[in-house]
Amino acid sequence: MADRLLTVAEAGEMLGTGERFVRRLIAERRIRYVKLGRPVRIPESAVAEYVEARTVEPVRRIRARYGKAA
C-alpha cells in the first residue's frame, strides 16, 4: 500500500514546526521527498523515519548507595 503524500504544510504540522523548517530539510536532503513537477510532497513514512532517527532515549541513572548511618 502506498504512503499518503503530504504537502510541506502538512509535514510541518506533523513535526510541530513551520513550512520553512521542512523546506530547509528538503533543500539539505535530510528527508525523503517526491518531486511532482514543481511541487514537492513528503511521504508520511519519511516523516516517521525522520522522527525515529532523531529520537533520543532517556538515560536511566543508577543511584549510588552510600550505606546506612551507624
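Predicted model: local features only at pLDDT ≥ 70, side-chain atom pairs only at ≥ 80, totals over all residues.

Biologist: Let's begin with the outline. In what pattern do the helices and strands of the protein follow one another along the sequence?

Modeller: Start with the inventory: the secondary structure comes to 3 helices and 3 strands.

Biologist: Good, now the strands. In which order do the 3 strands lie in the open sheet?

Modeller: Let's work from the pairings. E2 and E3 pair in the antiparallel sense over 2 bridges, and another 2 bridges join E1 to E3, also antiparallel. Strand E1 (5–6) and strand E2 (34–35) each pair on one side only, which makes them the edge strands. That gives an open sheet in the order E1-E3-E2.

Biologist: Let me zoom in on single residues. Which residue in E3 is the bridge partner of Leu5?

Modeller: E1 and E3 run antiparallel and are joined by 2 bridges. For Leu5, the partner in E3 is Pro43.

Biologist: And the turn between E2 and E3: which residue in that hairpin takes a positive phi?

Modeller: The two strands form an antiparallel pair. Their hairpin has 4 residues between the strands, and a positive phi near 75° is found there at Gly37.

Biologist: Next, the helix at 44–53. About what angle does the direction of H3 make with that of E3?

Modeller: Begin with where the helix sits: H3 packs on the sheet, touching E1 and E3. Comparing the direction of H3 with that of E3 then gives about 60°.

Biologist: How wide an arc do the buried residues of H3 cover around the axis?

Modeller: The buried residues of H3 are Ala46, Val47 and Tyr50. They lie on the same side of H3, because the arc they cover is only 100°. An α-helix has 3.6 residues a turn, so residues three or four places apart point the same way. From H3, the buried residues pack against E1, H1, H2 and E3, and the arc around the axis is only 100°.

Biologist: Is Leu6 buried or exposed?

Modeller: Leu6 is found in strand E1. Beyond residues up to four places away in sequence, Leu6 touches Ala11, Met14, Val40, Arg41, Ile42, Glu44 and Val47. Its relative accessible area is 1%, and buried means under 20%, so Leu6 is buried.

Biologist: How far apart are the C-alpha atoms of Leu6 and Ala46?

Modeller: Both residues belong to the largest nonpolar core. Along the chain, Leu6 and Ala46 are 40 residues apart, yet their C-alpha atoms are separated by 9.9 Å.

Biologist: Last one: how many residues does the largest nonpolar core have?

Modeller: Helix H1 (8–15), helix H2 (19–27), strand E3 (40–43) and helix H3 (44–53) each supply at least two residues of this core. Its members include Val8, Leu25, Ile42 and Tyr50. Of the 70 residues of the protein, 20% count as buried, and the count for the largest nonpolar core is 12 residues.

Definitions and conventions: Residues numbered from 1 in each chain as written. Heavy atoms only, no water. Core = buried A, V, L, I, M, F, W, Y, C linked by side-chain atoms within 4.5 Å. Buried < 20%, exposed > 50% of the residue type's maximum accessible area, 1.4 Å probe, protein only. Pairing = 2+ DSSP bridges. Contact = heavy atoms within 4.5 Å. Axes fitted to C-alpha atoms, helices over the stretch in contact; angles between N-to-C directions. Arc of directions from axis to C-beta.
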